[in-house]
Amino acid sequence: QVQLVESGGGLVQGGGSLRLSCVASGSIFSINTMGWYRQAPGKQRELVASITSAGRSNYADFVKGRFTISRDNAKNTVYLQMNVLKPEDTAVYYCYCRAYANDRWADYWGQGTQVTVSS
């Protein structure tokens with residue numbers, strides 16, 4: 001199986017920064033896209049940012065210019081540097097990846113890490 005473990009969430013004041021990390025492990029042959037979604041209370045899960053194995057990144061409009069996604073392919077790790085955080089960024093952040101494991105491509109998810117931004 002494939003496991004994703006996130007770290008780096010927490011409580012921060014508005015205008016502050018946090019860096020999330022996510023490590024994928026298990027019987028992985030290859031990983032294509034890695035990225036982050038978030039879900040705030042009472043809202044649907046939404047894409048924050050994603051990055052391909054070639055390094056092409058994609059961002060939601062609401063984080064452009066504030067968040068940066070990066071990855072270390074050798075370590076099967078994806079990062080999300082979050083700057084100029086706003087209270088509306090408060091949510092559970094989920095890491096995901098599309099990986100080839102157990103003879104098939106599939107999407108895998110982490111359990112989530114809480115990010116809380118105070119005003």
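The following dialogue goes through a few features of a predicted model, one at a time.

Me: What should I keep in mind about numbering and confidence before reading this model?

Reply: Residues are numbered from 1 along each chain as its sequence is written, and side-chain values use heavy atoms, with hydrogens and water left out. Because the model is predicted, local features need pLDDT of at least 70 and side-chain atom pairs count only at pLDDT 80 or more, while totals for chains, interfaces and linings use all residues.

Me: In which strand does Glu-6 lie, and which side chain of opposite charge is nearest to Glu-6?

Reply: Strands are DSSP runs of E with at least two residues, numbered from the N terminus, and Glu-6 belongs to β1, residues 2-7. Buried means under 20% relative accessible area, with a 1.4 Å probe and protein chains only; a salt bridge needs a side-chain nitrogen of Lys or Arg within 4 Å of a carboxyl oxygen of Asp or Glu. Glu-6 is buried yet forms no salt bridge, the nearest side chain of opposite charge being Arg-45, 7.8 Å away.

Me: What is the order of the strands in the open sheet?

Reply: Two strands pair if DSSP finds at least two bridges between them, and here four strands run in the order β1-β3-β8-β7 with antiparallel pairing. Strands β1 and β7 (67-72) stand at the edges with a single partner strand each, so one side of each has no neighbour in the sheet. β7 pairs with β8 (residues 77-82) over six bridges in the antiparallel sense, and Thr-68 stands opposite Gln-81 in β8.

Me: Which residue takes a positive phi in the hairpin of β9 and β10?

Reply: Asn-102 does, with phi near 55 degrees, in a hairpin that has two residues between its strands. Strands β9 (residues 91-101) and β10 (residues 104-109) pair in the antiparallel sense over six bridges, and the bridge partner of Cys-97 in β10 is Tyr-108.

Me: Is Arg-38 buried or exposed?

Reply: Arg-38, in strand β4 (residues 28-39), is buried because its relative accessible area is 5%.

Note on methods: Buried means under 20% relative accessible area, exposed over 50%, partly exposed in between (1.4 Å probe, protein chains only). Lys and Arg count as positive and Asp and Glu as negative; His and the chain ends are not counted.
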